[in-house]
Amino acid sequence: MSDLSSLLVRTEPISPDHLVNDVAEIFSSNDYERFLCLPVVDGGRPVGTVSRHKLTNIFMTRFGRDLYGKNSVTKVMNPKPLVIDIKQAMERAALHVSRNIGSPITEDFILTDDGEYRGIGFVLDLLGAMERQIERRNVELSKALRNLKESQAQLVQSEKMASLGQMVAGVAHEINTPLGYVKNNIEMTREGFRETGNLLHAYDAFIRMISSETPDEDAITRQMQVIEELRQEYDEVFPEEDLISIYDDTLYGIEQISEMVINLKNFSRLDQAAVANVNLNDCINSSLLIAKNVLKHKAEVIKQYDAQLPTIACSPSQINQIFLNLLTNAAQAIEDGKAGRIQIRTWADSEFVYASVQDNGKGIEKAKLKKIFDPFFTTKPVGQGTGLGLSIAFKIIQQHKGTIRVGSEVGVGTRFLVSLPRKSRIQAAF
Amino acid sequence: MASDKPTILFVDDEERIVRSLRMMFRADYNVKVFTNGFEALEFLKENRVQAVISDQRMPSITGVELLREVRNISPNTMRLLLTGYSDLEAIVGSINEGEIFRYISKPWNADEIRETVAKAVEIAQSLEQVALPANRDLAGAGEHLLIIDDDPDTASAIKQVVEEELDQPHVVEWAVSVDSVFEILERKEIAVVISEMHLGERDITPLIKTLKRYNPNVVTMVLTSFRDASALVALINEGQVHRFLPKPVRRKLVAKSIRDAVERYRALKAAPQLAKRHQVEEIKKPADSGLSNRIIGFMRRLRTA
């Protein structure tokens, strides 16, 4: 940071004994062209200033020079000049100067160090220095702003990654179960296929035997026994009705997996427009499927959808993210072993579409409820939440020109209400 | 139905899973499948069962709860958990409460699960005639306990628990390095090992596993603040850890666990065949093969000595 000493102009002061004429002489010399005033110093301490403006005024009056020229400067000087300590911060000095300076500007300021005269400073220089300083500040500020925006983007990104991770884990578990039995079934039926082959070979050998021109009765009997044994073993390991159900299960499992994949695509909407006309019921259903793993064994989901719910223009992937967040929160609020219930309602009026998610979980205290949409505020144990989920939900809904509200009672449950305008003009997505 | 085949139970709330498993195992076993854990327990009360293989997350009863009941009803039945969730709490429960033989992840590998179930059934069958030692056989004066931990506070806390909470005069040894573990093992017959999972930066789970592998009578407890699901699963399958306890030391819990471990050690000593129940799996990923090899070398020397 630049300080006042950079503005110091070391100039020989005049003493109180100087005459007005002497001062006029000094002012008229080229060296003092820039000077608006001259400092008057007595015993090393500034006692006043004589300004060019004042002298000009005097000399312009009739007989001014004759009347005042021989007087000492103390007669015409400003006895209360602007005096600034050189150790002061530039800003405080600037503030002091701008508050005390007269208009028009007819004087500069005196710089002292512990009351000792050091020199003078030009107001114009001070202004210039201030301007440069402000410019520097501006650069710093915009850099800070950029950093802030970047770190905010990073936070939003990390929350996205966290909810993505949660989603992926849920989906992975959902796919894991069908994958387990589908894989096993296929491995088993491949084995069964080999057994079938053995059986066929035995039948082939049998047919060759009986169609031989010289059939060997003993061999045929033995072969029949072989076939009988193989057949029995086969039936025992692969009973027909079991095989059919194994195939049905396998197809069912594959159907489950493809449904999950389709839903994942719907949920993320990676291959679709960022803004689309959607039905909130569909968004919620999509989120429910993704959250299935979290909700399963935890809560019964009661849907009370308005079947005639009008579609709205919104960013479906963001809205899905909000519902996933609300559903996950609801599930996490329900204590283990409690018969959980999550009630989802949708409805509309002439202006808005509404969706509410209500749980019978442990509820949120009043004091905490106020902070619930604040970034980094979380009631969850470490590792379970970033504290950003709801603040991002709030932001998204705000961008959609909607509202999100919460009501809660400890021990009874929590209810979130989302409203989105039917005719929306959403702002650029973040 | 061939009644001479060993009986195994599969419990999973997804019926397609149990159907698939039934078909897979029906050639060699008398397979019973249940989608409801309580029905499985009812069956267990009336029938001799060699192994129960259960899912963890089920609506009415969790796998850990089920296997804990299985342990009470039929101690000889081998217990295995088959699950798609690496949920830490469940894993810790399966060690401390379920005392399970193996933790199998879904989706499973067909050969591996066949082998694991066969092993479990074989062990159960071979021990059917072995009576569990009576309580009076489990009496004893004091045993040697070995703490492996480089944190002096933990070591002194455990020593204090042993002195103040336990009636028997156990001798507590304390090792802060792998070398001192060797040195102590050479001098003393250790009953219970209470170990951290790390010494400094070093992962010492291979030490814990190898100790159990070459010294099946030793009962191991892990006491750590480290929480990693896959490391824990490996400690079950490859180390048959008897208890998993959190740091810092909780007096009552540690005291109870040491009592259980000493009792287990004495039971194994009275009926060494029982150690089969805690047979370990081959170590899959020797992260620190140098350490494993050193331990194996040491154990061989110790046994031939």
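**Group meeting: salt bridges and other features of a predicted model**

I'll start with one contact: B:D149 forms a salt bridge with B:K247, and their closest N and O atoms are 2.8 Å apart.

Before going on, a word on what we are looking at. This is a predicted model. It scores ipTM 0.78 and pTM 0.70. For chain B the mean pLDDT is 88, and 94% of the residues in chain B reach 70 or more.

Over all chains, the structure holds 40 of them. In chain A, the side chains of A:R34 and A:D125 meet in a salt bridge, at 3.2 Å from N to O. This pair links distant parts of the chain. A:R34 is in the loop between α1 (20-28) and β1 (37-42) of chain A, and A:D125 is in helix α5 (residues 123-210) of chain A, 91 residues apart.

The side chains of B:R114 and B:D111 meet in a salt bridge, at 3.7 Å from N to O. Why are these two separated by about one helical turn? Because B:R114 and B:D111 are three residues apart in helix α5 (residues 110-126) of chain B. B:R114 is partly exposed, with a relative accessible area of 26%. B:D111 has a relative accessible area of 53% and is exposed.

Next, the strands of chain B. Strand β4 (residues 78-83) and strand β5 (residues 102-105) of chain B pair in the parallel sense, over four bridges. How does the chain get from β4(B) to β5(B)? The path goes through helix α4 (residues 88-96) of chain B, and this β-α-β crossover is right-handed. For one bridge in this pairing, look at B:T83, whose partner in β5(B) is B:S105.

Staying in chain B, helix α8 (residues 205-214) is mostly covered, with nine of its 10 residues buried. Among the buried residues of α8(B) are B:P206, B:L207, B:I208 and B:L211, and also B:K209 and B:K212.

In chain A, A:F63, A:L67 and A:Y68 make a nonpolar surface patch of about 340 Å². A:L67 lies in helix α3 (residues 64-68) of chain A. A:L67 counts as exposed because its relative accessibility is 58%, and exposed means over 50%.

In chain B, B:D167 is in the loop between α6 and β7 (171-175). At 77% relative accessibility, B:D167 also counts as exposed. How far apart are the C-alpha atoms of B:D167 and B:H278? They are separated by 27 Å, and the two residues are 111 residues apart along the chain.

Technical notes: Residues numbered from 1 in each chain as written. Chains lettered and ligands numbered in written order. Predicted model: local features only at pLDDT ≥ 70, side-chain atom pairs only at ≥ 80, totals over all residues. Heavy atoms only, no water. pLDDT = per-residue confidence, 0-100. Pairing = 2+ DSSP bridges. Right-handed = clockwise from strand over helix to strand, strands pointing away. Patch = residues over 30% accessible without salt bridge, like charges linked within 9 Å, V, L, I, M, F, W, Y side chains within 5 Å. Areas by Shrake-Rupley, 256 points an atom, 1.4 Å probe, with all protein chains shown as cover. Salt bridge = Lys/Arg side-chain N within 4 Å of Asp/Glu carboxyl O. Buried < 20%, exposed > 50% of the residue type's maximum accessible area, 1.4 Å probe, protein only.
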